Amino acid sequence: MTAKIIDGKAFAAGIRAKVAGHVARLKEENGITPGLAVVLVGEDPASQVYVRSKGKMTVEVGMNSYEHKLDEGVDQGALLALIDRLNNDPEVHGILVQLPLPRHLDADLVINSINPEKDVDGFHISNVGLLGTGQKSMVPCTPLGSLMMLRDHLGSLSGLDAVVIGRSNIVGKPMAQLLLGDSCTVTIAHSRTKDLPVVVRRADIVVAAVGRPEMVPGDWIKPGATVIDVGINRIERDGKKILVGDVEFASASKVAGAITPVPGGVGPMTIACLLANTVTACCRANGLTEPEGLTA
Ligand code: NDP
C-alpha cells in the first residue's frame, strides 16, 4: 500500500482563505477588524522567526497584528502589566505569549493572566478545563489542526482506536481530549509506556508528538492507519541539515492509509489555526455567529 500524503500546506492555505473571507465580512458588515497581539520576550532566534511569520500571516488574512517585544531581562510585573493592558484593549481579540519564556519568569502565571476568551493558544487553565469537560473553549492550535486533517480524511472518527504518543500540555493531552470528544478509543503513550510497538500497531489513528527523529518505523503501523506526525526534528543527513518527523516517513508511507509529511504536514496548520482561533475569539467577543469549520 502507498499512503495518501495529507498536504498540510494546501489544507492550511484553505483555512487561511476561510479566515480571510470571514475577516472581510466582519469588516464590511460589522465594522470590526480582528486583532492578534503577540508578545515576545528576549532574542531566541527560533521564536523570532515564528513571531515574524505569525505577524506576516495575520496581516495577509486582513487582521491587525500587534507585536510587543520585551527585553530578555524584563521583570514579571512589567510583563503582567502589558498583558493586563492587552486584556482590556477592545481592538485586541487574541493574545499569544511566545514560549518558551526566560527562566526567571513564571510561564504558568503569565499564561493564566491572559483573559481566557483572548487566549488563542488555548493554554489558559480555564480553557484546559473547558476542553476536558467537553465545553466550548479555545483549542490549542497544533492539536486543532491535526483534528481538522483527520476529520477531513476520515469523516467520522467515532469508534476508531487512536494512539497519541506524547503527553505534553500543548500537544499530547489536548490532542487526546479532542479525539475522545470525537468518540475515539484513546490511548496516551509516553516515555514509560511498555511495549510501544504493540500499542501503536492496534491503532487506526496514530498521532506522534514526541520530538525524537523517526522513532516510529513503518512496521509499528497498522496497515491502512492514518498517521499524523507532529514531530519537528532538525538532523544532519548526507552532510545536509534537514527536518524529519517522529515517524520514519519512507517506511511508514508504504503501510499507512494516509500520512502527514514533515515538513509540510502539521506545521503549516498551527499558524492557520491560530488565525482561526483569533477570528473565533473576535466573533465571540462581539456576540456574533462563529465561522463554521474553524474550531473543534
Ligand atoms: P515535549 O517534550 O513537551 O513532550 C514529549 C513527549 O514525548 C513527552 O510526553 C514524553 O514522555 C514523550 N516521549 C519522550 N520519549 C519517548 C519515547 N521514547 N517513547 C514514547 N514517548 C516518549 O514535546 P512537545 O509535545 O512540545 O512536542 C513534541 C514534538 O512536536 C516536538 O518535535 C515539537 O517540535 C513538535 N511540535 C510541533 C508543532 C507543530 O506546529 N507542528 C507544535 C508543537 C510541537 P514523558 O512525558 O514520559 O517524558
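## Sheet architecture

An open sheet is built from six strands in the order 1-11-8-7-5-6, with parallel pairing. Strands pair here if DSSP finds at least two bridges between them; helices (H or I, at least four residues) and strands (E, at least two) are DSSP runs, numbered from the N terminus. Strand 1 (4-5) and strand 6 stand at the edges with a single partner strand each, so one side of each is left without a neighbour in the sheet.

## Basis of the model

This is a predicted model, in which local features need pLDDT of at least 70 and side-chain atom pairs count only at pLDDT 80 or more, while totals for chains, interfaces and linings use all residues. Residues are numbered from 1 along each chain as its sequence is written, and side-chain values use heavy atoms, with hydrogens and water left out.

## Strands 5 and 6

Strand 5 (residues 161-165) runs parallel to strand 6 (residues 185-189), and five bridges join them. Aspartate 161 has threonine 185 of strand 6 as its bridge partner, and isoleucine 165 stands opposite alanine 189. Between strand 5 and strand 6 the chain passes through helix 7 (residues 172-181) in a right-handed β-α-β crossover (with the strands pointing away from the viewer, the path from the first strand over the helix to the second runs clockwise).

## Domains

The domain assignment, automatic or from a database, gives domain 1 (27-119) and domain 2 (141-268). The C-alpha centres of domain 1 and domain 2 lie 29 Å apart.
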